[in-house]
Amino acid sequence: MTAQPPLTALPAWKALAEHYQQMRQRHLRQLFADDPRRGERLTVEAAGLYLDYSKHRVTDVTLGLLLRLAEECGLARRIDAMFRGEKINVTEQRAALHVALRAPKHERMLVDGMDAVAEVHAVLDRMAAFCDEVRSGRWRGHTGRPIRNIINIGIGGSDLGPVMAYEALRHYSGRDMTFRFVSNVDATDLVEATRDLDPEETLFIVCSKTFTTIETLTNAHSARVWCLRKLGDERAVRQHFVAVSTNREGVATFGIDPANTFGFWDWVGGRYSMDSAIGLSTMLAIGPEHFRDMLGGFHAMDVHFRTAPFERNLPVIMGLLAVWYGDFFDAQTVAVLPYDQYLKRFPAYLQQLTMESNGKHTTLDGTRIDYQTGPILWGEPGTNGQHSFYQLIHQGTKLVPCDFIAFCRSLNPLDGHHDLLMANVFAQAEALAFGRTAGEVEAEGTPASLVPHRVFEGNRPSSTILAERLTPAILGSLVALYEHSVFTQGVIWNIDSFDQWGVELGKTLAQRIAGELRGSSAAADAHDSSTTALIRRYVGSRGSAR
């Protein structure tokens, strides 16, 4: 890989730094006044999504410089490398070919000489056949009763993706089955998920690529105990547990029939896996046809990202705007605000996608970074958030760029509801952009003492993403939009968006401490004084409770 010059030394970066000094005080009120067609011009549409980015603190000059930065960072070359299956995950020497998970059957994508697309479709076909068996009632539990309850056991990408997709597509799900998701090693998660269920009608999906993830395996073994407590026979595990894993030996040792193991590949990162076999619970909920529709939405955005010119490319534009605010305006966070209750878990899903991908402090060659990388992402559905944290976004001292996500048609129309919901979308974006001046507040007859409190400075940037309605295909497009935006940002920052070494140290220490807690006494000298004192207090409290 050719070494890239330091980001801050690139001509486009230096030009952006100078341009920022001109833009930092410019107000969106003036930008719209100078260009009456701005709201129509700064928009782009693809894969069923319409992006209005006119309420951003940018001009044509800004956008031109950001596009030049993308060119100088080799974004086009890096996109091609990803789609060709090159090992762009450099620290793990792996491809990052999640786009193969949603490629049509006729396409070919090679990884180490193997056609990844053919392998993907073989697994998809097996998943579809299995889902038809369960959904039709032909798959029976150990006592002959059909499966009515599905519990997905995973963590990270093997939980956040499935639970987000289930909630997002619940409108399309079969209502004769119950779906639950367990991830936390806190026993409460599993106990509450199983409390009112019958083991005779419950199927567990254990999702762990290596089948060694400690939280997932701890929950899986406890689920096994819960199941066998009633069913008694060890053979029952084969009818009540399936696995999504590459470790067939570990799966067999657990008692799961290897024939009921659905695999995926090293080139699929956990946070990019919801459209792989990790999505088995999603397919069980919505059916194979809707699942394939979702894959079609992913693929439509993939094609757009790979082929559209950058100035008309949704993920590229969103990624470059994130760089603009994070590195020049010093915005620390981004709020994702879906105005659809079905997307209530979408911000949580994007937290892992964004922060695990781009929360990095070294470049691809290991050089310490001297600029800001991944933002903190957060959010809640509207209109709930308006009565919670919007106060800070509107009048606080922190700049928080926002993504509003909304749909022109509701899946659950009730008289007046959707018009009111959409009125709030448009009103919030307008209020953030333009605010309300002291003169406007005074003109309303506000007492002078209250005027400062009721002024809205505005000039708070936001994107609005509109789609016709929330369908499986649109969910796929939406997720792929953010995946590729995150990748765009990572290319600009010259980081590896596909590893996650930052999660390793805590896991390693936790396993070590867990071993100490299982012993007769904690290893008092193995830690700092704070950790040692906390361990001793816990062990002492645990002992006195027995």
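In strand S6, Phe181 is the bridge partner of Asn152. Strands here are DSSP runs of E with at least two residues, helices are runs of H or I with at least four, and both are numbered from the N terminus; two strands pair if DSSP finds at least two bridges between them. The model is predicted, so that local features need pLDDT of at least 70 and side-chain atom pairs count only at pLDDT 80 or more, whereas totals for chains, interfaces and linings use all residues. Residues are numbered from 1 along each chain as its sequence is written, and side-chain values use heavy atoms, with hydrogens and water left out.

The pair S5 and S6 is part of an open sheet of five strands, ordered S6-S5-S7-S8-S9 with parallel pairing. Strand S6 (178-182) and strand S9 (261-262) each have a single partner strand and stand at the edges, so one side of each has no neighbour in the sheet. A contrasting arrangement is found in S1 (residues 43-46) and S2, which pair in the antiparallel sense over four bridges. There, Glu45 stands opposite Tyr50 in S2. Two residues lie between the strands of this hairpin, and Ala47 takes a positive phi near 50 degrees.

Backbone geometry deserves attention elsewhere too. Most residues other than glycine have a negative phi, and most peptide bonds are trans. Asp112, in the loop between strand S3 (110-111) and strand S4 (114-115), has a positive phi near 50 degrees. Asp112 is exposed, with a relative accessible area of 63%; exposed means over 50%, buried under 20%, and partly exposed in between, for a 1.4 Å probe and protein chains only. Asn459 also has a positive phi, of about 60 degrees, but counts as buried at 7% relative accessibility. Asn459 lies in the loop between helix H19 (451-454) and strand S13 (462-467). A cis peptide bond, with omega of about 10 degrees, joins Gly382 and Thr383, and Thr383 lies in the loop between S11 and H16.

Rings of Phe, Tyr and Trp (its six-membered ring) pair if their centres lie within 6.5 Å; planes under 30 degrees apart count as stacked, over 60 as edge-to-face and the rest as tilted. By this rule the count comes to 24 aromatic pairs. Tyr339 and Phe404 form a tilted one, at 6.0 Å centre to centre and 45 degrees between the planes. This pair links distant parts of the chain, 65 residues apart: Tyr339 lies in the loop between strand S10 (333-338) and helix H15 (346-358), and Phe404 in strand S12 (residues 402-407). Both Tyr339 and Phe404 are buried. Trp378 and Phe389 form an edge-to-face pair, with 4.7 Å between centres and 65 degrees between the planes. Trp378 is in strand S11 (residues 376-378) and Phe389 in the loop between S11 and helix H16 (390-395), so the pair ties together parts that are 11 residues apart in sequence.

Finally, Lys55 lies in the loop between strand S2 (49-52) and helix H4 (60-72). Lys55 is buried yet has no salt bridge, and the nearest side chain of opposite charge, Asp52, is 4.1 Å away. A salt bridge requires a side-chain nitrogen of Lys or Arg within 4 Å of a carboxyl oxygen of Asp or Glu; Lys and Arg count as positive and Asp and Glu as negative, while His and the chain ends are not counted.
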